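Here are some exercises to work through with the model on your screen. Try each task before you read its solution.

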Amino acid sequence: MTTMPFDEMEAAYELLATAIDRAGPDAEALFLTRLALLLAHDTGELSRFQNAVEAALAGITEGGAAKP
Amino acid sequence: MRPAGRSTYDSLYFDYPLFAAKRAPEIDGIARRRQVVIVGAGPIGMTAALTLARYGVASVLLDNKETFNDGSRATCIARASMHIFERLGVVKPFIDKALGWRFGRSYYKGRQFFRLDMPHPAHEKYLPMYNLQQQYVEKFLHDAITASPLIDMRWLSECTGIASESGGVRLEIASPEGAYQLDADYVLAADGARSTLRSQLGLRLKGENYEGRYVIADVQMDHDFPTERRALFEPESNPGGTVLIHRQPDNIWRVDYQLRDNERAEEAISEENIRTRVAAILEEIGHTGPWALEWWSIYSANTLLLDDYRQGRVFFIGDSAHIVPIFGVRGLNNGLADAHNLGWKLALVARGEADEGLLDSYSPERRGATLDVFANATKSTRFMTPPTRGWRLARDAALSLSLDHEFPRALANPRQMQPYTYGASELTPYPGRDRAFAGGPVCGAAAPNPRLADGTHLLDHAGDGMTLMIFRQRGLSSEEAALIGALAALDRRLTALIIGGAGADAPAIAIADADGALSASFSACDGAIYLLRPDLHVAGRWANLSSDEILTTAGRCLGVALS
């Protein structure tokens with residue numbers, strides 16, 4: 001696995017923020033789920049996707065630590 | 001604003017002098033045209049006056065108040081600004097009083113996830129940042145102004161009108177002693193974010209207003225924490241908003257907190273609300289002792305600037321020309337760079353040494369710096385104060401992942417002020433010569449200031465004119481000696497530094513570099529040449545002597561045509 005350079009990581013962050021706004025509040029969950037499925041397919045490796053799912057869930061408790 | 005029962009200038013730690021209005025000679029019919037009038041005696045106007053005075057140019061400095069600014073306001077002085085104060089001979093009180101720093105900590109829901117460590121090459125003379133209340137900045141500059149016979153400081157003097165007048169500018173001034181007209185060759189508008197001169201000339205700032213609003217509050221307390229920048233995201237004491245904490249001299253602590261979208265500004269700045277919110281924040285950072293509320297204000301993030309910092313014979317410097325978000329501490333620092341940049345150029349023009357065309361470089365150079373600030377400030381503002389739901393979700397996701405993962409942490413970097421590189425300027429005609437260097441400061445960049453073997457720093461030896469640096473191990477060639485002579489003929493303030501073992505004949509100064517560290521900071525091989533502008537930015541650099549290009553570059557910076 002390669003590490004993304006910070007500039008690219010930042011560009012991805014900005015792309016994601018603006019894409020959520022483009023999806024709009026009614027469709028943002030659908031958009032983010034579709035995005036996750038596409039990325040899962042791109043990794044081509046179930047174990048990596050499983051790890052990412054666990055990492056994203058970690059720390060999200062009842063009420064949602066990452067909930068806005 | 002201050003707590004009930006205390007007037008605007010009733011501070012817990014700062015004694016405000018009250019300056020009387022002078023009776024201007026113009027009121028009694030003794031009028032003469034001034035070379036430069038500066039409107040606004042904040043840090044920017046005062047720095048412009050001191051820069052002009054450094055080059056022997058007199059100015060009239062007007063301010064409509066009777067004393068310094070009412071609160072701490074711009075509290076962070078960047079390294080580049082300390083260099084400007086040093087050029088003006090006023091840096092000592094700043095060093096004695098200000099609190100230097102380079103580290104910061106960012107927390108998410110009470111857990112630290114990012115350690116800010118600003119670059120600080122060990123050989124540099126000044127730290128990346130210093131905290132000092134704005135009143136002290138103004139006091140220290142004003143002390144120097146009082147000592148200068150070239151600056152006519154007039155408090156309680158308001159500019160009420162401006163008009164073009166036969167190759168100059170005519171200002172209408174109102175003062176307690178009476179109204180009068182003041183004629184000037186050039187006017188500097190340093191009258192701040194709500195610039196009267198700007199509106200009188202029908203000019204408007206353009207750009208974006210952001211939604212996020214912050215209360216900035218100063219408290220006095222005994223609190224044990226180093227001088228660092230603390231950023232609290234989603235703290236218990238301010239859910240849904242960010243908090244920033246900075247230490248200032250005199251036991252003063254600056255607490256900035258973001259207002260929630262549904263909070264009305266008028267309510268938010270009531271003393272009762274300020275006390276409740278500040279108390280909660282102090283409790284969260286573990287302060288249990290007493291504290292006293294000193295001063296507060298409200299602020300919203302904007303990126304706004306003028307299309308051109310120059311309108312005929314009027315130049316805009318500081319907040320009158322641009323408004324930037326506070327998070328990168330670029331408001332004061334960019335304003336000081338404006339004042340210094342315009343100051344040395346206008347001085348050369350006012351003295352008749354330079355062609356007026358030199359002034360054309362001011363607006364492109366400093367607007368470029370502001371646009372660069374916007375690019376960085378927009379990023380940090382979006383992180384501190386997400387403008388939309390998408391930005392907020394992405395920010396909160398990055399913050400929560402930052403607790404356990406390294407990769408998103410640097411998104412919280414506030415991207416503090418760095419000096420701008422004038423690489424595209426008219427005064428930097430040979431940027432392509434950078435290609436011959438493996439590193440070192442590029443054309444247009446601020447020069448590094450390494451420490452020398454004798455304990456001084458390199459730029460201590462620079463003067464008020466151009467500075468030529470020749471890296472030479474053995475004796476100078478006759479062509480190099482001739483170049484020094486030709487440059488000295490062009491610039492009577494020239495400083496020539498011969499770096500290495502070659503020695504130097506007057507007027508050149510020899511700088512030893514026994515361990516080669518100095519050459520390494522500039523990536524300079526034997527025979528390399530740097531030419532620095534009066535503001536110590538690199539005007540050009542050459543791996544080998546190129547007398548024509550070096551003289552052309554000096555001519556551009558000095559506003560003189562080559563014969």
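A residue counts as buried if 20 or more other C-beta atoms lie within 10 Å of its own, as exposed if 12 or fewer do, and as partly exposed in between, with C-beta atoms placed from the backbone. Helices (H or I, at least four residues) and strands (E, at least two) are DSSP runs, numbered from the N terminus. This is a predicted model, in which local features need pLDDT of at least 70 and side-chain atom pairs count only at pLDDT 80 or more, while totals for chains, interfaces and linings use all residues. Residues are numbered from 1 along each chain as its sequence is written, and chains are lettered from A and ligands numbered from 1 in the order in which they are written.

**Exercise 1. Work out how strand 1 of chain B is enclosed and which strands it pairs with.**

Step 1: Start with burial. Five of the six residues of strand 1 (residues 34–39) of chain B are buried, so this strand is largely enclosed by the rest of the structure.

Step 2: Look for partners; two strands pair if DSSP finds at least two bridges between them. Strand 1 of chain B runs parallel to strand 11 (residues 178–189) of chain B, joined by five bridges, and Arg34(B) faces Ala184(B) there. Strand 2 (residues 59–62) of chain B is also parallel to strand 1, through three bridges, with Leu62(B) as the bridge partner of Val39(B).

Step 3: From strand 1 the chain passes through helix 1 (residues 43–54) of chain B to strand 2 of chain B, a right-handed β-α-β crossover. Right-handed means that, with the strands pointing away from the viewer, the path from the first strand over the helix to the second runs clockwise.

**Exercise 2. Describe the sheet with the order 3-7-4 in chain B.**

Step 1: This is an open sheet of three strands with antiparallel pairing. Strand 3 (76–78) and strand 4 (99–101) of chain B are at the edges with a single partner strand each, so one side of each has no neighbour in the sheet.

Step 2: On average, neighbouring strands are turned by 30° against each other, direction ignored. Axes are lines fitted to C-alpha atoms, for helices over the stretch in contact, and angles run from 0 to 180 degrees between N-to-C directions.

Step 3: Strand 4 and strand 7 (residues 129–131) of chain B share three bridges, and Leu99(B) stands opposite Asn131(B). Helix 2 (residues 79–87) of chain B lies across strand 3 and strand 7, at about 75° to strand 3.

**Exercise 3. Find out how helix 10 of chain B is enclosed and what covers its buried residues.**

Step 1: Check the length. The expected span is 1.5 Å times one less than the number of residues. For the 14 residues of helix 10 (residues 389–402) of chain B this gives 20 Å, and the end C-alpha atoms are 20 Å apart, which agrees.

Step 2: Of these 14 residues, 10 are buried, so helix 10 of chain B is largely enclosed by the rest of the structure. Among them are Gly390(B), Trp391(B) and Leu393(B).

Step 3: The cover includes helix 1 (6–23) of chain A, together with strand 5 (103–108), strand 6 (111–117), strand 13 (229–233) and helix 9 (362–384) of chain B. Two residues are in contact if their C-beta atoms, placed from the backbone, lie within 7 Å.
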